[in-house]
Amino acid sequence: MLDVRRLRLLRELALRGTIAAVAEALAYTPSAVSQQLSTLEREAGVPLLERTGRRVALTPAGVNLVRHAEAVLERLERAASDLADTHRGLAGTVRIGTFPTATRAVVLDALAHLAAAHPGLRPRVSELDPAGVAHPLRAGELDVALVHDYDFVPSPAEPGLADVPLFHETMYLAATDPSLDAIDRCADAAWITATPGTLCHTMTLRACHAAGLTPEVHHQVDDFATVLALVAAGHGVALVPQLAAADPPPGVVLTPLPMHRRTVVAFRSGAARHPAVVAVIAALRSAVPPALGTDQA
C-alpha cells in the first residue's frame with residue numbers, strides 16, 4: 001500500500017524541483033525527505049527517481065505516480081469537505097491569503113460578514129504576492145487565497161489547485177502630465193514599477209513592450225499608495241489597478257487603459273464544497289465594491 005504522506009512528498013518534489021526545496025518548505029531535513037522517497041520507491045516496486053550527483057529527476061514511472069497522487073489528494077480533500085459538512089455550525093481556523101489592495105478594499109468587509117454569519121470561525125489573514133501562493137495552498141498553510149493576474153500576465157494552471165472568479169478591475173496609467181494619456185506616449189518618461197519577481201512588475205514591462213517601448217525604471221515600489229505619491233511628486237509614471245486608484249493624490253491624472261486585472265479565489269482541488277471555503281467565498285463576494293466588475297461562476 002502506498003503511503004499518502006510519501007505521495008505528497010513526491011508531488012512536492014515534482015513541483016519544487018529539489019529535495020532541499022521540499023525539505024525547507026515542509027519542515028523536514030533533506031535526509032528525511034530522501035529516506036521517505038526511497039521508502040516510497042520500495043513500496044512502488046519501481047524506480048521513481050533518477051539520481052545524478054546531488055540532483056534528482058523523476059522517472060517516467062515517477063511522473064505517472066505524481067498524476068495519481070494528485071487524484072488521491074483531491075479525493076482526500078473531498079472527503080474532508082464531506083466530513084466537515086456533517087458538523088453543526090462552522091468552527092475552527094480558516095487561513096486566508098491575500099494581497100494589500102484586496103485586503104483594504106474587500107477582505108476587511110468580508111471578515112465582518114464572516115464574524116456575523118459564522119462566529120465560531122476564526123479567520124487568519126496573511127498578505128503575500130499572488131505569485132507565491134500556490135505552494136502554501138498545496139502545503140495546507142493556507143485554505144483559500146486571493147490571486148490575481150493581468151491581460152499581459154495570465155496565470156498558468158497550478159497542479160492541485162482550483163479557483164472561482166471574484167472580480168476584475170480596469171488598469172490606469174498614472175501621471176501628472178495630462179498629455180501622457182497612453183503608454184506609447186511615455187517613452188521618455190521615468191517609470192515606477194513594482195519589485196522584480198512580482199506579477200505587477202512583469203505586467204508593467206509587458207504592457208510597455210506591447211506598446212513599443214522599454215520603460216526606463218527609476219523606482220521599484222510594491223505599495224500602490226506610495227507609487228501614486230511618487231507620481232504626484234513628479235518622480236515618474238506608473239500603471240495601477242482600479243482598487244489602488246480610488247483616491248489618488250492631488251495632481252495625479254488617471255487614464256483608463258484597455259487592460260484589466262482579474263482576481264480569483266484559489267483553494268486546494270477537491271475543497272470547493274468544504275463549508276469553511278464556501279463561507280469565505282460567499283463573504284468575499286458580498287464584500288466586492290459595486291464599482292468593480294463582478295465575476296461569478
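The crossing of helix 5 and helix 9 is right-handed, meaning that the near helix is turned clockwise from the far one by less than a right angle. This is a predicted model, in which local features need pLDDT of at least 70 and side-chain atom pairs count only at pLDDT 80 or more, while totals for chains, interfaces and linings use all residues. Residues are numbered from 1 along each chain as its sequence is written, and side-chain values use heavy atoms, with hydrogens and water left out.

Back to that helix pair: the axes of helix 5 (residues 100–117) and helix 9 (residues 275–287) come within 8 Å and cross at roughly 125°, which makes helix 5 oblique to helix 9. Axes here are lines fitted to C-alpha atoms, for helices over the stretch in contact, with angles running from 0 to 180 degrees between N-to-C directions; under 35 degrees counts as roughly parallel, over 145 as roughly antiparallel, 65 to 115 as roughly perpendicular and the rest as oblique. On the helix 5 side, the residues in contact (heavy atoms within 4.5 Å) include A105, A110 and L114, and their partners in helix 9 include A279, A283 and L284.

Setting aside neighbours within four places in sequence, T255 touches M171, Y172, L173, L180 and D181.

Over in helix 2 (residues 19–26), I19, V22 and A23 are buried. They span an arc of only 100° around the axis, so they sit on the same side of helix 2; the arc is that of the directions from the helix axis to the C-beta atoms. Their cover includes helix 1 (4–16), helix 3 (30–44) and strand 2 (55–58).

Overall, the protein has nine helices and eleven strands, taken as DSSP runs (H or I, at least four residues; E, at least two) numbered from the N terminus.

Notes. Buried means under 20% relative accessible area, exposed over 50%, partly exposed in between (1.4 Å probe, protein chains only).
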